[in-house]
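Please read them with the structure open.

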Amino acid sequence: MKFFLDTANVDEIKRIAALGLVDGVTTNPSIIAREGRPFEEVIKEICSVVDGPVSAEVVSLDTEGMVKEARELAKWADNVVVKIPMTEAGLAAVHQLAGEGIKTNVTLVFTLSQAVMAAKAGASYVSPFVGRLEDIGTDAYALISDIRDMLDFYGYDTEIIAASIRTLPHFEEVVRRGAHIATIPGKLFPKLWKHPLTDSGIEGFLKDWENFSNK
Ligand code: G3P
């Protein structure tokens with residue numbers, strides 16, 4: 001399984017990449033805006049510190065505008081993946097870009113139907129939003145399983161990026177359901193490797209060792 005960081009914060013990326021846990025990065029306009037720095041500067045810097053795919057999102061809503069932005073983004077670095085919203089115009093852009101060898105990540109996916117449309121149009125990645133599905137009381141995990149089964153059954157190369165992961169249970173369930181990739185906010189990442197019993201266990205072992213060595 002691959003892990004992406006859902007952030008545009010370069011320090012956060014460097015810190016977690018040092019643990020060997022970062023296969024790629026996803027951003028969106030909200031995430032970029034949080035950094036308060038120019039889009040191009042941030043994406044280029046992220047692409048230089050991460051070897052894997054880095055998703056950068058277009059803001060145009062029409063196909064022509066999306067394709068134009070995508071071509072520009074693709075020039076910034078070899079590992080840029082263009083994030084395209086799941087709309088009719090988006091599907092047309094994905095289809096065109098796939099023909100040009102530009103990788104795309106179709107975002108804001110909430111149904112199996114949307115996922116199969118994106119795969120068929122030529123998306124490299126589809127991003128179902130787990131937390132936002134949960135917000136509206138929909139079973140996001142059944143969706144992840146269904147998308148995975150569909151991709152495998154029909155032999156699409158498209159990979160699932162489970163997005164909008166906000167909690168440890170979100171993460172663990174998408175691991176169980178066969179998402180190829182989970183994209184994780186920087187703040188959540190440490191919670192994935194920490195457990196209070198690990199910490200108290202270390203403390204107990206060290207206390208026992210100290211008592212033993214002082215005898
Ligand atoms: O990866 C998508 C993510 O950035 C959106 O997360 O928590 O705003 O639904 P959230």
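**Notes on the predicted model**

1. Ala162 stands opposite Ala182 in β8. Strands here are DSSP E runs of at least two residues, helices are H or I runs of at least four, and both are numbered from the N terminus. The model is predicted, so to speak of local features requires pLDDT of at least 70 and side-chain atom pairs count only at pLDDT 80 or more, while totals for chains, interfaces and linings use all residues. Residues are numbered from 1 along each chain as its sequence is written, and side-chain values use heavy atoms, leaving out hydrogens and water.

2. Strand β7 (residues 159-162) is parallel to β8 and joined to it by two bridges; strands pair if DSSP finds at least two bridges between them. Strand β1 (residues 2-6) also runs parallel to β8, with four bridges, and Leu5 stands opposite Ile184 in β8.

3. Within β8 (residues 181-184), Ile181 and Thr183 point one way and Ala182 and Ile184 the other, and all are buried. Buried means under 20% relative accessible area, exposed over 50%, and partly exposed in between (1.4 Å probe, protein chains only).

4. His180 sits in the loop between α9 (168-176) and β8. His180 counts as buried because its relative accessible area is 14%. A polar atom of the His180 side chain lies 2.8 Å from the backbone nitrogen of Ile160; a polar contact is a pair of N or O atoms within 3.5 Å, where within protein one must be able to donate a hydrogen and the other to accept it, and residues adjacent in sequence count only if both atoms are side-chain atoms.

5. Which residues are around the ligand? They are Asp6, Asn28, Ile31, Phe129, Arg132, Ala163, Ser164, Arg166 and Thr183, each with a heavy atom within 4 Å of the ligand. Oxygen atoms of the ligand lie 2.7 Å from a side-chain N or O atom of Asp6, 2.6 Å from a polar side-chain atom of Ser164 and 2.8 Å from one of Arg166. The protein covers 80% of the 310 Å² of accessible area that the ligand has on its own (Shrake-Rupley method, 1.4 Å probe).

6. UniProt, in an unreviewed entry, places the feature "active site" at Lys83; such annotations may be inferred rather than shown by experiment. Lys83 is in strand β4 (residues 80-85) and is buried because its relative accessibility is 4%. Its side chain reaches the backbone oxygen of Thr27 at 2.9 Å. Beyond four places in sequence, the contacts of Lys83 (heavy atoms within 4.5 Å) include Asn28, Glu57 and Asn105.
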